Amino acid sequence: MVSDIIASLVTALRLVTGGDPNLWSVVSLSLEVSLTAAVLACLFGLPLGAWIGVRDFPGRRLVIICLNALLGLPSVVVGLLVYLMLSRAGPLGSLGILFTPTAIVIAQTLLVIPIVAAMARQFVEDAWQEYREQLTSLGVTPTRAVPTLLFDLRYTLLTVVLLGFGRAASEVGAVMIVGGNIDGVTRVMTTAIALETSKGDLPLALGLGIVLITVVLALNAGAYALREWSIRQHG
Amino acid sequence: MVDGMFPLEAHALQVRVGGHEAIKGIDLNLDGRGRIVVLGANGAGKSVLLRTLHGLIAPTSGTIRWAGSDRRPASQAMVFQRPVMLRRPALANIEYALVVNGTSQTEAELRAREAIERVGLTQLGARQARALSGGEQQRLALARAWALRPRLLYLDEPTASLDPGAAAEVEHIVGRIHAAGTAVVMTTHNLGLARRFADEIVFLHEGRITERTPADRFFNEPASNEARWYLQGELPWNTASPAI
């Protein structure tokens with residue numbers, strides 16, 4: 001059994017380093033959809049979280065509780081909801097985007113928005129405690145403070161962006177439901193790993209796993225280094 | 001003189017902070033002339049008074065009127081004991097304050113350079129503001145406030161966290177800001193600074209003004225027992241008034 005794993009690992013490394021076109025097409029699609037979803041989620045989630053972080057409004061606590069609860073949202077439920085919206089009989093069925101990369105992006109974006117918003121809310125709210133008096137004294141309204149705080153916390157929030165990307169890239173359930181795992185069209189790393197493992201093709205599954213982990217590790221290492229640099233530079 | 005800021009009239013001002021009545025019915029008029037230093041023991045309500053006048057804390061009751069209007073004018077600024085700097089270069093911190101107050105970017109850059117030069121930080125304009133020393137950050141905070149061309153500047157213990165050299169520089173800059181036409185209201189525990197700087201002393205005790213007198217008279221013949229005890233360092237500790 002151990003020798004099987006080692007043999008699979010060696011083959012996997014050969015696939016990765018040898019530039020196997022099948023493997024790299026899956027990797028490239030994965031990165032494309034996950035990055036798009038992470039960017040879209042940040043476009044919505046960062047301002048939303050920051051706004052909740054600085055504003056006082058009726059029901060704010062309830063909104064925060066709901067936002068935090070959404071962190072544990074089962075991905076298959078999101079997948080199912082997106083499926084129902086995009087299926088032929090659904091309200092957005094006429095768009096014809098079910099089982100396309102666009103559907104995967106939508107599902108991943110919906111999954112990542114709560115993560116980005118909840119974490120941005122926490123970071124910005126903490127910073128607002130420190131900045132509030134000074135910014136208010138300069139005539140800055142809470143709404144105007146949102147872009148200021150997002151910019152000032154940019155290196156910290158990069159971690160949030162990467163977390164969002166990591167969540168999107170590692171998603172299986174929702175992606176399987178709305179993407180359909182169609183070879184060459186909607187097959188991404190996670191769904192391919194699930195499929196290849198079930199077929200017993202461990203080398204390809206392991207190869208994809210190695211790439212997935214490497215990408216996530218490299219991005220996080222980069223973010224960590226950037227954050228360390230920013231602390232040295234900006235205090 | 002009616003110019004949108006003065007006379008500043010606070011009437012029957014009461015302020016509760018965190019369930020504690022920090023200001024207990026204050027009447028205060030400012031005509032924009034002279035340098036006013038607010039003195040009082042810890043918890044007397046000095047900082048709360050300044051924050052309330054500046055609009056950072058809403059009064060529980062009472063009124064504040066600026067030149068007869070209850071609309072707070074933009075022509076006032078405040079510098080805190082520990083200024084908060086944005087994570088950007090020193091010059092950009094001043095530019096930011098100007099731009100959010102409606103100055104164009106080009107004009108803001110020009111005025112920021114002038115302001116930073118006035119406080120002697122020209123060489124540090126490109127350096128990250130948070131990497132500056134405490135004294136430099138306080139001078140930068142003064143430059144930021146000065147660049148806004150306020151009619152009235154509140155200073156909340158601006159030298160409290162500084163070494164004597166840095167404190168002297170801050171005192172010098174504040175004097176120049178006042179000489180340039182800005183009214184100054186400052187709180188401090190530094191009696192030497194108060195004696196050198198103030199034209200008038202407002203003395204607070206347990207949320208009330210116990211006296212407002214010219215500085216010379218205050219230091220030579222304080223009218224209230226509380227002020228006398230305070231100057232002698234013998235003001236009894238008031239357990240009902242936590243430090244604010």
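This is a predicted model: local features need pLDDT of at least 70, side-chain atom pairs count only at pLDDT 80 or more; totals for chains, interfaces and linings use all residues.
**View 1. I57(B) in its loop.** You'll find I57(B) in the loop between α1 and β4 of chain B. Leaving out residues up to four places away in sequence, I57(B) touches V15(B), V17(B), V48(B), R51(B) and T52(B).

**View 2. The three-stranded sheet of chain B.** Here three strands make an open sheet, in the order β2-β1-β4 (chain B), with antiparallel pairing. Which strands sit at the edges? They are β2 and β4 of chain B, and each of them pairs on one side only. From one strand to the next, the twist averages 25°. As a reminder, strands of a sheet pair through backbone hydrogen bonds, either parallel or antiparallel.

**View 3. The hairpin of β1(B) and β2(B).** Zoom in on strand β1 (residues 8-17) of chain B and strand β2 (residues 20-30) of chain B, which pair in the antiparallel sense over eight bridges. One pair to look for is E9(B), standing opposite N29(B) in β2(B). How many residues lie between β1(B) and β2(B) in the hairpin? There are two, and G18(B) in the turn has a positive phi of about 55°.

**View 4. β1(B) beside β4(B).** Now for another partner of β1(B): strand β4 (residues 61-66) of chain B, antiparallel to β1(B) and joined to β1(B) over five bridges. Check out A10(B), which stands opposite I64(B) in β4(B). Then look at H11(B), whose bridge partner in β4(B) is T63(B).

**View 5. The six-stranded sheet of chain B.** This open sheet has six strands in the order β5-β6-β7-β3-β8-β9 (chain B), and the pairing is mixed. At the edges stand β5 (76-79) and β9 (208-214) of chain B; each has a single partner strand, so one side of each has no neighbour in the sheet. On average, neighbouring strands of this sheet are turned by 15° against each other, direction ignored. For a parallel pair, pick out strand β6 (residues 152-156) of chain B and strand β7 (residues 183-187) of chain B, joined by five bridges. L152(B) stands opposite A183(B) in β7(B). Helix α1 (residues 46-54) of chain B lies across β3 (35-39), β5, β6, β7 and β8 (200-205) of chain B, and runs at about 150° to β6(B).

**View 6. Two helices packing together.** Helix α3 (residues 105-118) of chain B and helix α4 (residues 134-147) of chain B pack at an angle of about 135°, and their axes are 9 Å apart. That angle makes α3(B) oblique to α4(B). Their crossing, α3(B) with α4(B), is right-handed. Who meets whom? R111(B), A112(B), A115(B), I116(B) and R118(B) in α3(B) meet A143(B), W146(B) and A147(B) in α4(B). Sorted by class, the residues of this contact are six nonpolar, no polar and two charged.

**View 7. Where chain B meets chain A.** The contact takes 15 residues from chain B and 14 residues from chain A. On the chain B side that touches chain A, there are 10 nonpolar, three polar and two charged residues.

Key:
Residues are numbered from 1 along each chain as its sequence is written. Chains are lettered from A and ligands numbered from 1 in the order in which they are written. Two strands pair if DSSP finds at least two bridges between them. Helices (H or I, at least four residues) and strands (E, at least two) are DSSP runs, numbered from the N terminus. Two residues are in contact if their C-beta atoms, placed from the backbone, lie within 7 Å. Ala, Val, Leu, Ile, Met, Phe, Trp, Tyr, Cys and Pro count as nonpolar, Asp, Glu, Lys and Arg as charged, and the others, Gly among them, as polar. Axes are lines fitted to C-alpha atoms, for helices over the stretch in contact, and angles run from 0 to 180 degrees between N-to-C directions. Angles under 35 degrees count as roughly parallel, over 145 as roughly antiparallel, 65 to 115 as roughly perpendicular and the rest as oblique. A crossing is left-handed if the near helix is turned anticlockwise from the far one by less than a right angle, and right-handed if clockwise.
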